[in-house]
Amino acid sequence: MTNERLGEILHDGDRYGLRYERRLRHLPEKVWRALTESESLRHWMPADMVGERRTGADLVFPFWPAHVERFGIPAGQVALAGRMLAWEPPRLLEYSWDVDLLRFELEPDGDGTRLVFTTWLGDVDQYPAHGTAAGYHAALDQLVELLDTGTVAVPVIDVPVEDLERRYAALLGS
């Protein structure tokens, strides 16, 4: 099920960013594990996170084999480089992913967590912002489903995003 609340489009000069907010029914520690552990990442992110979990550490994001196959990712691009910019469990996770910046902020909210995910897009010419926005939206929906049920019914690579792409394109005026 798709969250109807669209992310916010951010502008900083020629740069585009996206900001999503989700209220989760789980404590920050559980959400943190879903954001950082490979066993959880495989359900909602297109790539694993490999590297030491500490600020300043180099990271590698190898795409899961199903993503490589489904999207025909060329051999030289099956993993992206990154760096851990902030590692403050279970409150703040920030890292570079190739040319993008991803920031996850977790705040206790009653018996759950307020998650704010912000990303700044590094190359909107190669990866159109409306498609990236729809992809992150779908990934966050998968994260919520994983947290709520322990699994996801449909792998993130099979989630239809065409309607989300149209809605984000309208927000972007493209």
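The model is predicted. A search of the whole structure finds 17 salt bridges, and one of them, between aspartate 58 and arginine 83, links strand β3 to strand β4.

**Strand β3 and its pairing with β4**

- Strand β3 spans residues 58-62, and strand β4 spans residues 79-88.
- The two strands run antiparallel and are joined by 5 bridges.
- Leucine 59 has glycine 82 of β4 as its bridge partner.
- Leu59 and Phe61 make up the covered face of β3, whereas Asp58, Val60 and Pro62 make up the uncovered face.
- In a regular strand, side chains alternate between the two faces of the sheet.

- Aspartate 58, which is on the uncovered face of β3, forms a salt bridge with arginine 83, with 2.7 Å between the closest N and O atoms.
- Aspartate 58 is in strand β3 and arginine 83 in strand β4, so this pair ties together parts that are 25 residues apart in sequence.
- Aspartate 58 counts as exposed because its relative accessibility is 53%, and the cut-off for exposed is over 50%.
- Arginine 83 has a relative accessible area of 38% and is therefore partly exposed.

- Arginine 25 and aspartate 148 form a salt bridge in which the closest N and O atoms are 3.0 Å apart.
- Arginine 25 belongs to the loop between β2 (15-24) and α1 (28-36), while aspartate 148 belongs to helix α4 (residues 129-149), so the pair ties together parts that are 123 residues apart in sequence.
- The relative accessibility of arginine 25 is 60%, so this residue counts as exposed.
- Aspartate 148, at 34% relative accessibility, counts as partly exposed.

**Salt bridge between aspartate 12 and arginine 15**

- Aspartate 12 forms a salt bridge with arginine 15, and the closest N and O atoms of the pair are 3.8 Å apart.
- Aspartate 12 counts as partly exposed, with a relative accessibility of 44%.
- Arginine 15 also counts as partly exposed, at 40% relative accessibility.

How values were computed:
Residues are numbered from 1 along each chain as its sequence is written. This is a predicted model: local features need pLDDT of at least 70, side-chain atom pairs count only at pLDDT 80 or more; totals for chains, interfaces and linings use all residues. Side-chain values use heavy atoms; hydrogens and water are left out. Buried means under 20% relative accessible area, exposed over 50%, partly exposed in between (1.4 Å probe, protein chains only). Helices (H or I, at least four residues) and strands (E, at least two) are DSSP runs, numbered from the N terminus. Two strands pair if DSSP finds at least two bridges between them. A salt bridge is a side-chain nitrogen of Lys or Arg within 4 Å of a carboxyl oxygen of Asp or Glu.
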